[in-house]
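These are my notebook entries on one chain. I looked up its helix packing, its sheets, its core and a few single residues.

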Amino acid sequence: MTRRTWMSLVAVCFVVALCAPARAQLQLNGAGATFPYPIYSKWFNMYQQVDPSVRFNYQSIGSGGGIKQITEQTVDFGASDGPMSDEQLSAAPGHLLHFPTVMGAVVLTYNAEGVPPGLKLTPEAIAGIFRGKITKWNDPALAAANPGVSLPARDIIVVHRSDGSGTSFIFTDYLSKVSKEWNNQVGKGTSVNWPLGLGGKGNEGVTGLVKQTPFSIGYVELIYAMSNELPYADVKNAAGTFVKPSIESVTAAAAGFASSMPDDFRVSITNAPGPDAYPISGMTWLLVYEKQKNVEKGKKLVQFLNWMMSDGQKNAAPLGYAPLPAAVIAKEQQALGRVTGADGSPLR
């Protein structure tokens, strides 16, 4: 082969390479909970290194929005910190499965000059603050639980979620268990009629409002308070112990439920028994249709879920989330086999 012929061949190959279409990535669309957004964002970025053929587009819009969009089938998966109700499940056009991803703590974070980190709050005090019955930072109920702390004689500004929220579900589920008045007058849900307060959209919105509003208090997922350097309270649990929210105390809250997890994974771990359990703990779920209309997307989703249950769990703790108990993961691995194509064909 002459040099001229060789150079011509190289040029042709170069032009063909330029003209050849790039291999398209398959996009999986999801929407929902803000509670797990930091870990989901990390996972989605990491998984592109595992499987470069797939990418994720996740909208952190709140659990209510995630349930709405997966029900309407405008996304490939939804995300919620509150399990769907029987009524919500029956409204979906197909059978939806709940897959737990991680666990976390909903914390009471505050911005009150002179109030140190680790303020001690009882269930009665938390319910009183969010019902508008306790209105001052130096209320006797707060002072009694915090001896030696000089609490300011300032009004408490309450901040809550304005959108449909799984974080709100965890928080109001807890309040409904520890306060009969709350249960009877407000109740639990992703959205409730708050007795008072300012509304923020997403964990980000509540965190931002607390940070910019002096003498305010709100509820957010632990990582949002930590990353914004906001203090958060220790909460008195069912055993009568004031517990700091942490990976260990969330794990302790889930310990009693791991071996008795229901087949559909819809369980509440708030106000769990045990001296080390943080009482406002919760799981968060991805919502996936049992029968996948798009087989290619379904296979990629199953592969991601399988990775999430194994390697992905290693990334939970550095971001302030508790990894799932081994017994729950084993049960999930079995449930993953139920995800099939529309014709019932297996996807793994």
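Predicted model: local features only at pLDDT ≥ 70, side-chain atom pairs only at ≥ 80, totals over all residues.

**Entry 1: a helix pair.** I began with two helices, and I found that H5 passes H7 in a left-handed crossing. I call a crossing left-handed if the near helix is turned anticlockwise from the far one by less than a right angle, and right-handed if clockwise. Residues are numbered from 1 along each chain as its sequence is written, and side-chain values use heavy atoms, with hydrogens and water left out.

I take helices (H or I, at least four residues) and strands (E, at least two) as DSSP runs numbered from the N terminus. The axes of H5 (residues 123-131) and H7 (residues 166-178) come within 10 Å and cross at roughly 115°. I use axes as lines fitted to C-alpha atoms, for helices over the stretch in contact, with angles from 0 to 180 degrees between N-to-C directions.

Which residues of H5 and H7 meet? I list Pro 123, Ile 126, Ala 127 and Phe 130 on the H5 side, and Phe 171, Tyr 174, Leu 175 and Val 178 on the H7 side. I sorted the residues of this contact into eight nonpolar, no polar and no charged. Here Ala, Val, Leu, Ile, Met, Phe, Trp, Tyr, Cys and Pro count as nonpolar, Asp, Glu, Lys and Arg as charged, and the others, Gly among them, as polar.

**Entry 2: the core.** I then looked up the largest nonpolar core, which holds 102 residues; Leu 108, Ile 126, Phe 130, Trp 137, Phe 171 and Ile 280 touch the most other members. Strand E4 (residues 96-111) gives the most to this core, with 10 residues. A nonpolar core is a set of buried Ala, Val, Leu, Ile, Met, Phe, Trp, Tyr and Cys residues joined through side-chain atoms within 4.5 Å. Buried means under 20% relative accessible area, exposed over 50%, and partly exposed in between (1.4 Å probe, protein chains only).

Contact means heavy atoms within 4.5 Å.

**Entry 3: the eight-stranded sheet.** I read the order of this open sheet as E2-E1-E3-E11-E4-E8-E6-E7, with mixed pairing. Strands E2 (54-60) and E7 (198-200) stand at the edges with a single partner strand each, so one side of each has no neighbour in the sheet. The twist averages 25° from one strand to the next. I count two strands as paired if DSSP finds at least two bridges between them.

Is strand E8 (residues 216-221) enclosed or open? Six of its six residues are buried, so E8 is largely enclosed by the rest of the structure. Ser 216, Gly 218 and Val 220 point one way, and Ile 217, Tyr 219 and Glu 221 the other. E4 and E8 pair in the antiparallel sense over six bridges, and Asn 111 has Ser 216 as its bridge partner. Strand E6 (residues 157-161) pairs with E8 in the parallel sense over three bridges, with Val 158 opposite Ile 217. Helix H9 (residues 202-212) lies across E2, E4, E6, E7 and E8, running at about 155° to E8.

**Entry 4: the three-stranded sheet.** I noted a second open sheet, in the order E5-E9-E10, with mixed pairing. Strands E5 (120-121) and E10 (242-243) stand at its edges. E5 and E9 (residues 234-236) pair in the parallel sense over two bridges, and Lys 120 stands opposite Asp 234.

**Entry 5: two loop residues.** I found Glu 290 in the loop between E11 (281-289) and E12, and at 17% relative accessibility Glu 290 counts as buried. Beyond four places in sequence, Glu 290 is in contact with His 95, Leu 97, Arg 338, Val 339 and Thr 340.

Lys 293 lies in the loop between E12 (291-292) and helix H12 (295-309). Lys 293 is exposed, with a relative accessible area of 69%. Lys 293 and Ala 342 are 49 residues apart in sequence and 5.2 Å apart in space, C-alpha to C-alpha.
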